[in-house]
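Thanks for coming, everyone. Let me put the structure on the screen, and then we'll walk through it.

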Amino acid sequence: MPLRWEILHSEKLIHVIAEGEVTLKEMEAHFDALVVANALGYSKLFDATRLKPVYEDADVMAMGARLSAYTEHFPSGPLAVVGRDESAVLAFKRFVNISPSKRPAALFSTEKKARAWLAKQAALEL
């Protein structure tokens with residue numbers, strides 16, 4: 001599966017790894033699983049270093065509608081994306097722009113930097 005995730009309830013963290021082509025269908029399955037696990041409010045560490053997004057503008061709009069529905073009913077935790085190439089950067093920008101969530105979101109070149117930022121976000125919540 002091109003999109004794998006682990007929900008770490010004790011840390012209130014979701015670690016996502018994207019490898020290869022990720023479609024709208026995989027993204028929808030991911031978000032549905034987070035809702036079922038009651039984990040949308042957790043911090044998210046998304047490794048997009050090997051991501052190849054495969055979607056069209058209509059897919060982005062569909063995801064925006066889904067995110068609007070989710071954020072209307074559930075809190076959304078901070079998002080740290082690790083990605084270096086242009087496709088990961090573009091996917092991050094599109095995702096953040098369509099999301100109605102007011103959560104903090106940032107793009108990093110390394111997982112270490114992303115984890116440090118997420119730790120700061122968690123400290124701010126206290």
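Where does Arg103 lie? Look at the loop between helix 3, residues 86-98, and strand 5. That is where you find Arg103. Before I go on: this is a predicted model.

So, Arg103. Is Arg103 buried or exposed? Its relative accessibility is 14%, so Arg103 counts as buried, with the cut-off at under 20%.

What does the side chain of Arg103 make a polar contact with? The partner is the side chain of Ser76, at 2.9 Å. The Arg103 side chain also reaches the backbone oxygen of Gly77, here at 3.4 Å. Now the wider surroundings. Set aside the neighbours within four places in sequence. Arg103 is then in contact with Lys44, Ser76, Gly77, Pro78, Leu79 and Phe95.

Five strands make up an open sheet, and the order is 1-2-3-4-5. The pairing is mixed. Strand 1, residues 3-8, and strand 5, residues 105-108, stand at the edges. Each has a single partner strand, so one side of each is left without a neighbour in the sheet. From one strand to the next, the twist averages 15 degrees.

Zoom in on strands 1 and 2. Strand 2 covers residues 13-23. The two run antiparallel, joined by six bridges. Take Arg4: its bridge partner in strand 2 is Ile17. As a reminder, strands of a sheet pair through backbone hydrogen bonds, either parallel or antiparallel.

Helix 2 spans residues 57-73, which makes 17 residues. From first C-alpha to last, helix 2 reaches 25 Å. That is close to the 24 Å expected at 1.5 Å a residue.

Which residues of helix 2 are buried? Val60, Met63, Gly64, Leu67 and Tyr70. Look down the helix 2 axis. These buried residues fall within an arc of 130 degrees, so they line one face of the helix. What covers them? The cover includes helix 1 and helix 3. Turn to the face of helix 2 that points away from the buried side. That face carries the exposed residues Ala58, Met61, Glu72 and His73.

To recap: Arg103 is a buried arginine in a loop, and helix 2 has its buried residues lining one face. That's my part. Over to you for questions.

How values were computed: Residues numbered from 1 in each chain as written. Predicted model: local features only at pLDDT ≥ 70, side-chain atom pairs only at ≥ 80, totals over all residues. Heavy atoms only, no water. Pairing = 2+ DSSP bridges. Helix = DSSP H or I, 4+ residues; strand = E, 2+ residues; numbered from the N terminus. Axes fitted to C-alpha atoms, helices over the stretch in contact; angles between N-to-C directions. Buried < 20%, exposed > 50% of the residue type's maximum accessible area, 1.4 Å probe, protein only. Polar contact = N/O pair within 3.5 Å; in protein donor to acceptor, adjacent residues only side chain to side chain. Contact = heavy atoms within 4.5 Å. Expected span 1.5 Å × (residues − 1). Arc of directions from axis to C-beta.
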